[in-house]
Amino acid sequence: MKDEGEKQVPLYKRIYALVRQVPPGKVVAYGQIARIVGGCSARMVGYAMSALRDNTTTEDLPWYRVINRQGKISLTGEGYAIQRKLLEEEGVRFDEQNHIDWDTFGWLGDE
DNA sequence: CGGCTGACTCTGG
DNA sequence: TCCAGAGCCAGCC
């Protein structure tokens, strides 16, 4: 049986599939996703996100729910404002340091 | 076909 | 507190 069908799927695809499972009003860190997917590091997730750029819509892939371990947005310039706005639209609140509380908005809780 | 780049995270000094 | 190194996939010219 070797039912490891997920292995024949590109690593990025697994990451995207996991991001789609993130519920609204919640956020997840790159490393967190990498940990769930298994076999990949946080960098892989970051690379996967950069590969999306503006070709993917938020309705197809809520990429904006993915932020860094500091609870902040890793994007810079315009992308930062866009992601932050999208998160605020879902109810996610940012601190004065522009970071969110994993205890409140963290998916799965981050212990 | 080859090389470059890109949204991360942890550890040590 | 800041800096450097290691881990490692996919798209583009």
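Let me start with a question: what lies 3.5 Å from a base nitrogen of DNA strand B? A polar side-chain atom of Tyr12 does, and I will come back to pairs of this kind in a moment. Before that, a word of care: this is a predicted model, in which local features need pLDDT of at least 70 and side-chain atom pairs count only at pLDDT 80 or more, while totals for chains, interfaces and linings use all residues. Residues are numbered from 1 along each chain as its sequence is written, chains are lettered from A and ligands numbered from 1 in the order in which they are written, and side-chain values use heavy atoms, with hydrogens and water left out.

Let us turn to the DNA. Of the 17 residues around DNA strand B, those that come nearest are Met49, Ser50, Asn68, Arg69 and Leu75, where a residue is near if one of its heavy atoms lies within 4 Å of the strand.

Which helix gives the largest share of the surface near DNA strand B? That is H3, with 7 residues, and helix H2 (30–37) and helix H3 (42–52) each supply at least two; helices here are DSSP runs (H or I, at least four residues), and strands are E runs of at least two.

Finally, the salt bridges, each a side-chain nitrogen of Lys or Arg within 4 Å of a carboxyl oxygen of Asp or Glu: the count comes to 2. In one of them, Arg65 pairs with Glu90, with the closest N and O atoms 3.0 Å apart. Because Arg65 lies in the loop between H3 and strand S2 (66–67) and Glu90 in helix H4 (residues 78–90), the pair ties together parts that are 25 residues apart in sequence. Arg65, at 8% relative accessibility, counts as buried, and Glu90, at 27%, as partly exposed; buried means under 20% relative accessible area, exposed over 50%, and partly exposed in between, with a 1.4 Å probe and protein chains only. Arg84 and Glu88 also meet in a salt bridge, at 3.4 Å from N to O, and both lie in helix H4, 4 residues apart, about one turn of the helix.

Methods: Polar contact = N/O pair within 3.5 Å; in protein donor to acceptor, adjacent residues only side chain to side chain.
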